[in-house]
Amino acid sequence: MKIALGVSGGIAAYKAAEIARLLQDRGVRVQVVMTRSAQEFIRPLSFAALTGEKVITDLFSTGGETPNLDSAVEHISVAQSIHALVVVPATADILAKFAHGICDDFLTTLHLATTAPVIVAPAMNVNMWNHAATQQNLQTLRARGVHIVEPGSGYLACGMIGAGRLAANEAIVDAVMQVLEVKPGAAAERDLVGETILVTAGPTREKIDPVRYISNRSSGKMGYAIAEASAQRGARVLLVTGPATAKLPELANLEVTRVESTDEMRSAVLGLLPQATVVIKAAAVGDYHVKAIAEHKIKRGGPLTLELEPNPDILKEIAARKHNQIVIGFAAETQDLLANGRKKLESKSLDAIVINDVSRDGIGFDSDRNAVTILTRDGETVVAETSKCEVAHRILDQISPLRAHRPARA
Ligand code: CTP
């Protein structure tokens, strides 16, 4: 496996060296391509020493009086030899050039010349990240199937706080490995053709008054990762999502229904259930709603008591109405994980349950990473901390063995 590692000019350019090393540790050959401004941040020699390969820095490396023809067509041979083009860090400028098909140096020309999958890990100042131009460019790239390893939030090199910090090394490496693994065995990966998978994701919101609501910390990332992985593996996906903060995947075989409250999620899910062959309930459903929603904004005053009423358990209702569907639930737990998970597996008549330890820092809520235990009636699968994308695939891997116990599809 060989990738081209594009390095564009940002403070995070030095981190590309670590990514190159990590990918090499996984047996990937790395051809580094640097933009002119990247070379202001890190010397090509560092990458050459690390990778043992010549670093490409120019579209026309003259090396003498006349431009060298070999180097003039090198982008075509590199374009044809790579299994992925990975850009770390991807600056606002490189995203803009990719989005608009500009090719004014080796990296941007390679981008147009290759048919290999493209993965970008953006890093920039928070205002540049939030700028409508950058967001629109990202939207364009996403729609084109470019994989975007979302930046994290925190202190940025420019002294500001916010989104724009290069994603963690592991998240970038996982994203690359995921793409490289899917490529050779594409046929084997499309193991969910014929399935219609109903996925729920995100939080629910229960109104208090016209401006306030009760909700939870779910970002929707886990559910969206499941929806995306299901669609990539060939399933038709019916995604019912609460108001999540994660970016919705854009895939042709994905149909999205947006809901707010538990009650709306319940109606949507029960309405779609007859079409589904598999149900995966990753949503963090609110367990209570406000008994009497105030018609007008509640004014500030003394202590306020809200009376809450329990919501119906959607998963239990699915279990009661299902025909032959495979139903996979989630359990968000902070203690006695396995015992509580097993109880939910039984009480909600599930085929499998994915147990999340929501008390652990750095995984779960709003993180790109997770660690879970998947319980079925036949045993348990422990998925150690990894990307949510990888967790999604390990959950989907359960469908085929569970299906083997079924006489026929719903
Ligand atoms: N769930 C549901 N409807 C609800 C509550 C939860 O469908 N009203 C589903 C969730 O989507 C998840 C599973 O049930 O797949 C478990 O959710 P969780 O919050 O872990 O458990 P609860 O059943 O709410 O129990 P508790 O909060 O007491 O742990």
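Guide: A salt bridge is a side-chain nitrogen of Lys or Arg within 4 Å of a carboxyl oxygen of Asp or Glu. Arg-26, Asp-174, Arg-360, Arg-369 and Glu-385 are joined by such bridges into a network. The whole structure holds 28 salt bridges. This is a predicted model: local features need pLDDT of at least 70, side-chain atom pairs count only at pLDDT 80 or more, and totals for chains, interfaces and linings use all residues. Residues are numbered from 1 along each chain as its sequence is written, and side-chain values use heavy atoms, leaving out hydrogens and water.

Now look at Glu-195 and Arg-403. Their closest N and O atoms are 2.7 Å apart in a salt bridge. Glu-195 sits in the loop between helix H11 (186–189) and strand S8 (196–201), and Arg-403 in helix H17, so the pair ties together parts 208 residues apart in sequence. Helices (H or I, at least four residues) and strands (E, at least two) are DSSP runs, numbered from the N terminus. H17 covers residues 399–404. Both Glu-195 and Arg-403 are buried. Buried means under 20% relative accessible area, exposed over 50%, partly exposed in between (1.4 Å probe, protein chains only). Arg-403 has 13%.

Next come Asp-397 and Arg-233, whose side chains meet at 2.8 Å, N to O, in a salt bridge. Asp-397 is in the loop between helix H16 (388–396) and H17; Arg-233 is in the loop between helix H12 (221–232) and strand S11 (236–241), 164 residues apart. Asp-397 is partly exposed at 29%. Arg-233 is buried at 4%.

Last, Arg-142 bridges to Glu-150 at 3.1 Å, N to O. Arg-142 is buried, at 12%. Glu-150 is partly exposed, at 23%.
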